[in-house]
Structure formats: structure tokens, C-alpha cells
Amino acid sequence: MIKKLHDLGLRSEHTPTHTAAVASIGLSVFTWAASIGAEPRAGLDRADRWGIFVGEWAPAFFGLGLALSHYEQEEGSLLGKAHTGGERQRKMAGTG
């Protein structure tokens with residue numbers, strides 16, 4: 001999945017995943033408050049479930065951004081094809 005996103009042009013330096021993660025934190029608070037106001041009979045439990053559901057998106061987006069960064073480091077496309085950890089390890093092992 002990460003390779004496919006990278007092939008589609010999504011890069012870690014563009015930080016859309018980090019922006020989405022921060023936005024989802026705010027959206028979590030908003031959905032919690034909106035659920036309390038829109039469904040007062042459903043109670044606080046329902047609002048909590050909505051807030052937690054949307055709140056789970058933030059770590060997923062942050063993880064996606066980190067996975068893209070790691071993929072780019074291994075591929076060598078991060079920071080203009082600078083030396084990557086994988087290249088250094090191969091050179092140190094004498095196979096590169």
C-alpha cells in the first residue's frame with residue numbers, strides 16, 4: 001500500500017498525512033460536541049464513541065506519514081537521493 005501511494009505521487013515531505021492527522025484531532029472534538037448537541041437522548045456514551053472513532057484516525061495518519069518517510073529513505077528518494085540507511089548498511093557489509 002505504501003509503495004502504491006508513493007507511486008501515485010504522495011510524498012512524506014508534502015505532509016498531507018500530518019495535516020490530516022492534526023485535522024482529525026480537531027474533528028474528533030467537533031464530532032463529540034456535535035453528537036451531544038444533535039442527539040441529546042443518546043447520552044454521553046454515544047458522543048464518546050463518535051469522538052473515539054474519529055480520534056483513532058490521527059495515529060493512522062501519522063503512521064502513514066512515517067511509513068512513507070521510511071519507504072523513501074530505503075528507496076533513496078528522500079532528500080534528493082541522499083545516502084540511505086540501506087545503502088550504508090550494504091557498503092559497511094561490503095556488498096555495495
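A residue counts as buried when its relative accessible area is under 20%, as exposed when that area is over 50%, and as partly exposed in between. At 47% relative accessibility, K3 therefore counts as partly exposed. The structure described here is a predicted model. The protein has 5 helices and 0 strands, so that, by the assignment of helices and strands used here, its pattern along the sequence reads α-α-α-α-α.

**Overall composition**

- Of the 96 residues of the protein, 22% count as buried.

- Side chains of opposite charge can pair when their charged atoms come close.
- The count for this protein comes to 1 salt bridge.
- This salt bridge joins the side chains of K3 and D7, with a distance of 2.9 Å from N to O.
- Both K3 and D7 belong to helix α1, where they are 4 residues apart, about one turn of the helix.
- H6 is also found in helix α1.
- With a relative accessibility of 3%, H6 counts as buried, because the cut-off for a buried residue is under 20%.
- H6 and S69 are separated by 63 residues in sequence, and their C-alpha atoms are 9.8 Å apart in space.

**Two residues of helix α2**

- S28 lies in helix α2.
- The relative accessibility of S28 is 13%, and S28 therefore counts as buried.
- Apart from its neighbours within four places in sequence, S28 is in contact with G51, V54 and G55.
- T19 is found in helix α2 as well.
- T19 has a relative accessible area of 51% and is exposed, because the cut-off for an exposed residue is over 50%.
- T19 and F62 are 43 residues apart in sequence, with a C-alpha to C-alpha distance of 9.0 Å in space.

**Helix α3**

- Helix α3 has 13 residues and reaches 19 Å from its first C-alpha to its last, which is close to the 18 Å expected at 1.5 Å a residue.
- The residues A47, G51 and V54 of α3 are buried.
- Viewed down the axis of α3, these buried residues fall within an arc of 70 degrees, so they line one face of the helix.
- The residues D45, R49 and I52, on the other side of α3, are exposed.
- The buried residues of α3 pack against α2 and α4.

**Helix α4**

- Helix α4 covers residues 57–75, and its 19 residues should span 27 Å at 1.5 Å a residue.
- The end C-alpha atoms of α4 are 27 Å apart, which agrees with that expectation.
- In α4, the residues A58, L64, G65, L68, S69 and E72 are buried.
- Seen down the axis of α4, its buried residues fall within an arc of 130 degrees, so they line one face of the helix.
- The buried residues of α4 pack against α1 (2–7), α2 (16–38) and α3 (43–55).

**How α4 meets α2**

- The axes of α2 and α4 come within 8 Å and cross at roughly 175 degrees.
- Angles over 145 degrees count as roughly antiparallel, and α2 and α4 are therefore roughly antiparallel to each other.
- On the α2 side, the residues that meet α4 are T17, H18, A20, A21, V22, S24, I25 and L27.
- On the α4 side, the residues that meet α2 are W57, A58, F61, F62, L64, G65 and L68.

**How α4 meets α3**

- The axes of α3 and α4 are 5 Å apart, and the two helices pack at an angle of about 0 degrees.
- That angle makes α3 roughly parallel to α4, because angles under 35 degrees count as roughly parallel.
- In this pair, F53, V54 and G55 of α3 meet W57, A58 and P59 of α4.

Key:
Residues are numbered from 1 along each chain as its sequence is written. This is a predicted model: local features need pLDDT of at least 70, side-chain atom pairs count only at pLDDT 80 or more; totals for chains, interfaces and linings use all residues. Side-chain values use heavy atoms; hydrogens and water are left out. The expected span of a helix is 1.5 Å times one less than its number of residues. Buried means under 20% relative accessible area, exposed over 50%, partly exposed in between (1.4 Å probe, protein chains only). The arc is that of the directions from the helix axis to the C-beta atoms. Contact means heavy atoms within 4.5 Å. A salt bridge is a side-chain nitrogen of Lys or Arg within 4 Å of a carboxyl oxygen of Asp or Glu. Axes are lines fitted to C-alpha atoms, for helices over the stretch in contact, and angles run from 0 to 180 degrees between N-to-C directions. Angles under 35 degrees count as roughly parallel, over 145 as roughly antiparallel, 65 to 115 as roughly perpendicular and the rest as oblique.
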